[in-house]
Amino acid sequence: MKVRIDSERCQGHGRCYDLAPDLFGEDDEGYGTVLGSGEVAAGQEPEARLAAANCPERAIEAENGAAR
């Protein structure tokens, strides 16, 4: 699985980096960013799905059928 954030939809609520701090961080303005390449290890898939499900703007996208 690979995650990404659509920067045009992100409004900076920060739920992604609160729920999955190993996968997401924040930029200088508080908007979510993907850490590293966005590749999600098998053990971190539940965190990635939780972050995607809790994004109010549905700005988090994941390949392999887990897009939200």
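Predicted model: local features only at pLDDT ≥ 70, side-chain atom pairs only at ≥ 80, totals over all residues.
D18, E26, D27, D28 and E29 come together as a negative surface patch. A patch here is built from residues with over 30% relative accessible area and no salt bridge, with like charges joined within 9 Å. Asp and Glu count as negative and Lys and Arg as positive, while His and the chain ends are left out of the count. Each charge is placed at CG of Asp, CD of Glu, NZ of Lys or CZ of Arg.

Residues are numbered from 1 along each chain as its sequence is written, and side-chain values use heavy atoms, with hydrogens and water left out.

## The overall layout

The chain has two helices and four strands. Helices (H or I, at least four residues) and strands (E, at least two) are DSSP runs, numbered from the N terminus.

Along its principal axes, the C-alpha trace spans about 30 × 20 × 20 Å. Of the 68 residues, 37% count as buried. Buried means under 20% relative accessible area, exposed means over 50%, and partly exposed is in between. The areas come from the Shrake-Rupley method with a 1.4 Å probe, and only the protein chains shown count as cover.

## Salt bridges around R9

A search of the whole structure turns up four salt bridges. To qualify, a side-chain nitrogen of Lys or Arg must be within 4 Å of a carboxyl oxygen of Asp or Glu. R4, D6, R9 and E61 are linked in a network of these bridges.

R9 pairs with D6, their closest N and O atoms being 3.1 Å apart. R9 also pairs with E61, and here the closest N and O atoms are 2.3 Å apart. E61 lies in strand 4 and R9 in the loop between strand 1 (3-5) and helix 1 (15-19), so this pair ties together parts that are 52 residues apart in sequence. D6 is buried at 17% relative accessible area, R9 is partly exposed at 30%, and E61 is partly exposed at 24%.

R49 is partly exposed at 41%, and E45 is partly exposed at 23%.

## Two loop residues

A42 is in the loop between strand 3 (32-34) and helix 2 (45-53), and at 64% relative accessibility it counts as exposed. The C-alpha atoms of A42 and M1 are 7.9 Å apart, although 41 residues separate the two along the chain.

Most residues other than glycine have a negative phi. R58 isn't a glycine, yet its phi is positive, at about 55°. You'll find R58 in the loop between helix 2 and strand 4 (60-62), where R58 is partly exposed with a relative accessible area of 36%.

Note on methods. Patch = residues over 30% accessible without salt bridge, like charges linked within 9 Å, V, L, I, M, F, W, Y side chains within 5 Å. Buried < 20%, exposed > 50% of the residue type's maximum accessible area, 1.4 Å probe, protein only.
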